[in-house]
Amino acid sequence: MSRQDLAPPKFVPTLTEVVSPLARSQAPASVPRVNPSGKSPDTLASVMLDEQAWTARIMQDVDVTLESKLRQVVANVVSEQIAIMVPTLRNEIEQSVRNAVREALARQLR
């Protein structure tokens, strides 16, 4: 393998400057701090307010849609569960009625 084969492709970023941790801490105190976004505090605040307003609007739409979908899903699940429970309940009720009739007849025949 030649040395050229080991070179990274052109699209891979490479480090061109070495920054030591001391260089950052030795910066003069008069250098103003910049937000990571690079925006001024006023712009950042307005962006955050816009984001909050959009989030509130979207959540209102989602809440309406979600509530409607949840009602449908819950109604379907309840219907399915009732359909599953009906035979079991019918058998239990039938057994209870048979027992009640048997006990009533036994009392009448005494």
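**Group meeting: a helical model and its salt bridges**

I begin with Arg71, which counts as exposed because its relative accessibility is 59%; the class exposed requires over 50% relative accessible area, buried means under 20%, and partly exposed lies in between, with a 1.4 Å probe and protein chains only. The model is a predicted one, in which local features need pLDDT of at least 70 and side-chain atom pairs count only at pLDDT 80 or more, while totals for chains, interfaces and linings use all residues. Residues are numbered from 1 along each chain as its sequence is written, and side-chain values use heavy atoms, with hydrogens and water left out.

Let me stay with Arg71. Which residue forms a salt bridge with Arg71? The partner is Glu67, and the closest N and O atoms are 2.8 Å apart. By salt bridge I mean a side-chain nitrogen of Lys or Arg within 4 Å of a carboxyl oxygen of Asp or Glu. Glu67 is partly exposed, because its relative accessible area is 42%. Both residues, Arg71 and Glu67, belong to helix H2 and stand four residues apart, about one turn of the helix.

By this rule, the count is two salt bridges. The other pair to present is Glu94 with Arg98, whose side chains meet at 2.8 Å, N to O. Glu94 and Arg98 also lie in helix H2, again four residues apart, about one turn of the helix. Glu94 counts as partly exposed because its relative accessible area is 36%, and Arg98 counts as partly exposed at 45% relative accessibility.

I turn now to the overall fold. The protein has two helices and zero strands; these are DSSP runs numbered from the N terminus, with helices being H or I of at least four residues and strands E of at least two. How many of the 110 residues count as buried? The share is 0%. The protein exposes about 10,900 Å², of which carbon and sulfur atoms supply 60%, by the Shrake-Rupley method with a 1.4 Å probe, where for residues only the protein chains shown count as cover.

Finally, the surface. Met85, Leu89, Ile93, Val97, Val101, Leu105 and Leu109 make a nonpolar patch of about 700 Å². Patch residues have over 30% relative accessible area and no salt bridge, with nonpolar side chains (Val, Leu, Ile, Met, Phe, Trp, Tyr) joined within 5 Å and like charges within 9 Å. Leu109 lies in helix H2, residues 41–109, and counts as exposed because its relative accessibility is 73%.
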